[in-house]
Amino acid sequence: MNLVDSKKNEAIKIAMVSGKGGTGKSTVSANLAFALSKYGKDVVIVDTDVNMANLELIVGMEGMPITLNSVMAGNADITQAIYEYTENMRVVPAGVSLDELKFDNSAELEIIIERLNSMCEVLLIDCPAGLNQDVNSIISSADHVIVVVTPDITSVSDAIKLINLSSKLETSVLGAVVNKITNDSSELTTKAIETILELPVIASVPEDDTVRANAAYGILSVQKQPESGLSNAIMELAAKLTGNRYIPQKGSSSTLVDKLKRLLKR
Ligand SMILES: Nc1ncnc2c1ncn2[C@@H]1O[C@H](COP(=O)(O)OP(=O)(O)O)[C@@H](O)[C@H]1O
Ligand SMILES: [Mg+2]
């Protein structure tokens, strides 16, 4: 699935969507953006969830003076709303100003996505949850869609609407990222999710207690805990998308398990 190199002179635009809110689109998108940048891609991530802007918190960029909201309100140019997170990863925060907030930005979003498209190699579009005019425009402007679900029936069944919309708009859905997996027996299995959605699960991301604390400090898990299950899952997804092979990093917990196994074998 080497998507990122498939179109040499243009960015690959990937919309990160979900039916239900809170499945972890922003968390997965921000970590994936960093992971893709680690594979040498020049990545821009844009938060289009203007009502519930939280990407800026996750990357510690809250309170930026010029945001996507300012651009959509006609008060600034998109080039003024792009902020560097690292050399290869830039962020367009949505902003939280109620003065500039509008509820239908679909026409502006299409223009902004085209502008951003010419400025990077991978454009990750962190979407609002559910279906609305903005999401419709984003999906029709994107090359691909990734749907983020949690392993429960409501989240998965709500995702079907987004998948149907994408197919109506002729935008390919790469697959589902299953987030917040606890391996509780009540959870839907990967196989069940693949059957219901008729899509491959392209990443299985565990529930991780450190995510909230990282968000509070504005640092990404893939940077802070590269050996965690979450980081390994996201790095592996980035590797798949860029046609690379990823060797999982072993953390202290698996080392402890290995040590115990060795002790028990004696
Ligand atoms: N893998 C995870 N493990 C634990 N908490 C998570 C995980 N992914 C997201 N969260 C938490 O779930 C909440 C919603 O995540 P967020 O990324 O903002 O979702 P969305 O963008 O879909 O609304 C946040 O509090 C976030 O810290
Ligand atoms: Mg979000």
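A polar side-chain atom of arginine 212 lies 3.5 Å from an oxygen atom of ligand 1, a polar contact being a pair of N or O atoms within 3.5 Å. The model is predicted: local features need pLDDT of at least 70, side-chain atom pairs count only at pLDDT 80 or more, and totals for chains, interfaces and linings use all residues. Residues are numbered from 1 along each chain as its sequence is written, chains are lettered from A and ligands numbered from 1 in the order written, and side-chain values use heavy atoms, without hydrogens and water.

**Ligand 1**
- Ligand 1 is surrounded by 15 residues, of which Lys25, Ser26, Thr27, Asn179 and Asp208 are the closest; a residue counts here if one of its heavy atoms lies within 4 Å.
- An N or O atom in the side chain of lysine 180 is 2.9 Å from an oxygen atom of the ligand.
- Aspartate 208 places a backbone N or O atom 2.8 Å from a nitrogen atom of ligand 1.

**Annotated domain**
- The unreviewed UniProt entry annotates residues 14–218 as "domain: CobQ/CobB/MinD/ParA nucleotide binding"; such annotations may be inferred rather than shown by experiment.
- Residues 14–218 are 37% helix and 21% strand, with the end C-alpha atoms 23 Å apart; helices (H or I, at least four residues) and strands (E, at least two) are DSSP runs.

**Helix pair H6 and H7**
- The axes of H6 (residues 153–168) and H7 (residues 190–197) come within 10 Å and cross at roughly 35°; axes are lines fitted to C-alpha atoms over the stretch in contact, with angles from 0 to 180 degrees between N-to-C directions.
- Ile153, Val156, Ala159, Ile160 and Ile163 of H6 meet Ile193, Ile196 and Leu197 of H7, contact meaning heavy atoms within 4.5 Å.
- This contact of H6 with H7 has eight nonpolar, no polar and no charged residues; Ala, Val, Leu, Ile, Met, Phe, Trp, Tyr, Cys and Pro count as nonpolar, Asp, Glu, Lys and Arg as charged, and the others as polar.

Technical notes. A polar contact is a pair of N or O atoms within 3.5 Å; within protein, one must be able to donate a hydrogen and the other to accept it, and residues adjacent in sequence count only if both atoms are side-chain atoms.
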